[in-house]
Amino acid sequence: MRHKCWFFLSTFLFLTLTLSLFSGMACAAGQEKVLVLDISDSITPVSDDIVADAIAFAENDDYEALVITLNTPGGGLDETLDIIEQIAATDVPVIGFVYPEGTKAWSAGTLILISTDIAAMAPYTIIGSAQPVTVTASGSEPVEEAKIINALVKRATENAKQHGRNQTAAEEFITENLNLDADTALEYDVIEYVAPSIEDLMSQVDGVEVKERVLNTGGADITYYEPSLRLAFMNIISNPIVSSLLLLLGVYAIILGISNPGFGAELFGIVAIALGLIGTGFDVNIGALFLIIVGVILLVLEFQAPGFGVFGIAGFVCIIAGSVLLAPTDFPRNYTPAEFQRTLIISVSAPTIILGLFLVFVIYKVVEVRKRRPLFGELVGDSAQALDPIGNGQEGYVLHHGQYWKARSSGVIEKGDKVTIIEKDGVVLVVEKLEKEGELDK
């Protein structure tokens, strides 16, 4: 009996220990986590700071991998190259994923994708269009300077070679504006995986060796990176459309402040311009600023004189032209396809025209009010009709242009008499009776 009890007790302890061991292993497996950084707009002067922060976050919290989801038309070349260097320098495996379905990673986004440790695309996504272009008055023109093209091609092909990818395709992205969908990119060895979701991609890469470690991402917890408040704010104002509009809004506010001082528009304008400059990384087209400043001077000169003439029109044209040049469409500051650059110009110039017309209307009304004769002066000499008996120390009301006014008179005025306004004393009109009907209503 004692041996049986000992047998059952040993069996129970063995099973308990085994279950605890497997439970601990399951918990350990469940603790694996993956960090996801979303780049879903233009690559701006703050994008590389956000990537650096996400990489540091992944390194410090021992994440299994960092997934960078890409849905971008491209962006600044300097920031792109900095991001590529950060990906190469970190010990954390970095997975590039063009996601979600139906999106794209063009130009700078393509360079980033082929530089990641693992490259993947969701179905129906596109990469490519990496030929540098600039948009001018005559249309879009490719950048053909051999020094620039050769440097970009060498960078792209070396990144592809480092990760065992198709170097010919990497070159043709830049020289031929090659575009590939997900299936073709997989077939041509430009990427390694096609996945409809992040969870599916993590299952596919589970067990892959990257940077001398074996990925354990199957069923890993997925955490989405959230930038700090400072970086989030910088990311908003560094958007090329937002930063350009902030600069222009600041210029318009200063014009309004100069034309109508005392309402704080100048202070708002200075703050807006400062934020716009910070958002652009202080990389501003000097010619554009010169045109805008000239436009401001011409508008201020126009509003000092009556009417809206040649100075005002010329100033308005200068500001619109400056706004078009202010949009970052030149390479390498903006490394995106020509179609996106044209959209960017329209997105900046259209609000500029609307805001400018509104500003012209507001200032015109302000100037009109300033030049108008005071209302009190207009009352004197006008005629009105008595609604009450007035005189002998008695005040009554008169009707003037549909408005009721309290009135007094040194003479006697009966109800219904026509009177002339000879003076205004506070809110009371001083009137006298019209002696002749022919003197009625000027």
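**Aromatic pairs and salt bridges**

Tutor: Please keep in mind that this model is predicted. We may begin with a residue that is buried: phenylalanine 97 has a relative accessible area of 0%.

Student: How is a pair of aromatic rings described?

Tutor: Such a pair is described by the distance between the ring centres and the angle between the planes. The structure contains 3 aromatic pairs. In one of them, phenylalanine 97 and tyrosine 99, the centres are 5.0 Å apart and the planes lie at 25°, so the pair is stacked. Planes under 30 degrees apart count as stacked. Tyrosine 99 is partly exposed, at 23% relative accessibility.

Student: Which residues form one aromatic cluster?

Tutor: The cluster consists of Phe57, Tyr63 and Tyr225. Over the face of tyrosine 63 lies lysine 33, at 4.7 Å from the ring centre.

Student: How many salt bridges does a search of the whole structure find?

Tutor: The search finds 5 salt bridges. One of them joins the side chains of lysine 154 and glutamate 158, at 3.6 Å from N to O. Lysine 154 and glutamate 158 are 4 residues apart in helix α5, which means a separation of about one helical turn.

Student: Where do the partners lie in the salt bridge of arginine 165 and glutamate 192?

Tutor: Their side chains meet at 2.8 Å, N to O. This pair links distant parts of the chain, 27 residues apart: arginine 165 is in the loop between α5 and α6, and glutamate 192 is in the loop between α7 and β10.

Student: Is arginine 165 buried or exposed?

Tutor: Arginine 165 is buried, with a relative accessible area of 6%, whereas glutamate 192 is partly exposed at 30%.

Definitions and conventions: Residues are numbered from 1 along each chain as its sequence is written. This is a predicted model: local features need pLDDT of at least 70, side-chain atom pairs count only at pLDDT 80 or more; totals for chains, interfaces and linings use all residues. Side-chain values use heavy atoms; hydrogens and water are left out. Rings of Phe, Tyr and Trp (its six-membered ring) pair if their centres lie within 6.5 Å; planes under 30 degrees apart count as stacked, over 60 as edge-to-face and the rest as tilted. Buried means under 20% relative accessible area, exposed over 50%, partly exposed in between (1.4 Å probe, protein chains only). A charge sits over a ring if NZ of Lys or CZ of Arg is within 6 Å of the ring centre and within 35 degrees of the ring normal. A salt bridge is a side-chain nitrogen of Lys or Arg within 4 Å of a carboxyl oxygen of Asp or Glu. Helices (H or I, at least four residues) and strands (E, at least two) are DSSP runs, numbered from the N terminus.
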